[in-house]
Amino acid sequence: MNIDAKQHWEERYGERDRVWSGRVNTRLAEIAAPLDPGRALDLGCGEGADAIWLAEHGWQVTAVDISETALQRAAEDARVRGVSDHINFQHHDLSDSFPSGRYDLISAQFLHSTVRLEREDVLRRAAGAVEPGGLLVIVDHGEPPPWAREHIHDHHFPSPDEVVESLNLDAAQWERVRAEPVEREATGPDGETGTLVDNVIVLKRRRGTPSRG
């Protein structure tokens with residue numbers, strides 16, 4: 001495990017008692033709500049809001065993160081919400097290890113990092129673990145938020161097409177259900193409002209094609 005990456009995220013979660021909102025990511029809820037529940041994998045689960053939402057909607061969830069602090073908070077919230085039996089929290093540095101199994105839904109919500117993360121390799125491994133008929137859902141930042149520091153505005157945010165192309169998936173085995181930027185209104189850390197852009201990518205493994213998980 002990369003000590004620098006692990007330390008970075010432990011320090012990030014150690015800065016405050018709660019880092020994220022505790023609410024499910026909007027795009028994941030929109031995509032998953034109409035699906036028949038099955039087995040789900042939440043990559044970079046953080047404090048567990050997405051995993052808990054999925055569990056509450058009937059999914060059996062494997063949720064992974066590099067931060068043990070985040071996983072402890074997520075497990076406690078799952079216990080309080082009564083869904084501990086439906087979530088298997090696992091500690092992984094996804095650049096070095098990946099959970100076993102095959103899944104009907106794999107979610108990578110804002111799987112970005114300023115420290116080491118072999119993101120393309122992780123997403124390719126995720127694609128290999130999707131069951132036939134299952135979905136790989138990737139939601140990325142499409143552009144920096146209006147309140148971001150100046151240096152963030154110089155960062156390249158890959159387009160949906162760039163992300164899909166980087167996965168190098170066989171078009172005969174995968175259907176591109178959705179790959180587009182979507183706007184939403186949000187509130188910044190100091191109460192300011194602005195428009196955010198999410199790049200939403202939904203890829204479906206065609207039935208009759210083998211997964212490799």
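The legends below describe close-up views of a predicted model.

**View 1. Strand 5 and its pairing partners.**
Strand 5 (130-141) is mostly covered, with 9 of its 12 residues buried. Strand 4 (residues 103-109) pairs with strand 5 in the parallel sense, over 6 bridges. Within this pairing, Leu136 of strand 5 is the bridge partner of Ile106. Strand 7 (193-205) pairs with strand 5 in the antiparallel sense, over 7 bridges. Here Leu135 stands opposite Lys204 of strand 7.

**View 2. The largest nonpolar core.**
This core holds 26 residues, and the members that touch the most others are Leu54, Val61, Ile87, Leu105 and Val137. Two or more residues each come from helix 2 (26-32), helix 3 (49-56), strand 2 (60-65), helix 4 (68-81), strand 5 and strand 7. Helix 3 gives the most, with 5 residues. In soluble globular proteins, nonpolar side chains tend to be buried together.

**View 3. Surroundings of Val137.**
Val137 is among the core residues that touch the most other members. When neighbours within four places in sequence are left aside, Val137 is in contact with Ile31, Leu105, Ile106, Ser107, Ala108, Gln109, Ile201 and Val202.

**View 4. The buried side of helix 6.**
Pro160, Val163, Val164, Ser166 and Leu167 are the buried residues of helix 6 (residues 160-167). They lie on the same side of helix 6 because they cover an arc of only 160° around the axis. Their cover includes helix 5 (119-128), strand 5, strand 6 (174-187) and strand 7. Asn168 follows helix 6 and has a positive phi, near 55°.

**View 5. The second largest pocket.**
This pocket contains about 250 Å³ of space. Its lining consists of 14 residues, and those nearest the centre of the pocket are Leu35, Asp104, Gly133, Gly134 and Leu135. Strand 5 and strand 7 are the elements that give two or more residues to the lining. Strand 5 gives the most, with 4 residues. Leu135, listed here among the residues nearest the centre, is also the residue that stands opposite Lys204 in strand 7.

Technical notes: Residues are numbered from 1 along each chain as its sequence is written. This is a predicted model: local features need pLDDT of at least 70, side-chain atom pairs count only at pLDDT 80 or more; totals for chains, interfaces and linings use all residues. Side-chain values use heavy atoms; hydrogens and water are left out. Buried means under 20% relative accessible area, exposed over 50%, partly exposed in between (1.4 Å probe, protein chains only). The arc is that of the directions from the helix axis to the C-beta atoms. Contact means heavy atoms within 4.5 Å. A nonpolar core is a set of buried Ala, Val, Leu, Ile, Met, Phe, Trp, Tyr and Cys residues joined through side-chain atoms within 4.5 Å. Two strands pair if DSSP finds at least two bridges between them. On a 1 Å grid over the protein atoms alone, a cavity is a set of points where a 1.4 Å probe fits but cannot get out, and a pocket is an open set with protein on both sides within 12 Å along at least five of seven lines; lining residues have an atom within 4 Å of a point. Grid points are joined across faces, edges and corners, and a volume is the space filled by probe spheres set on the points.
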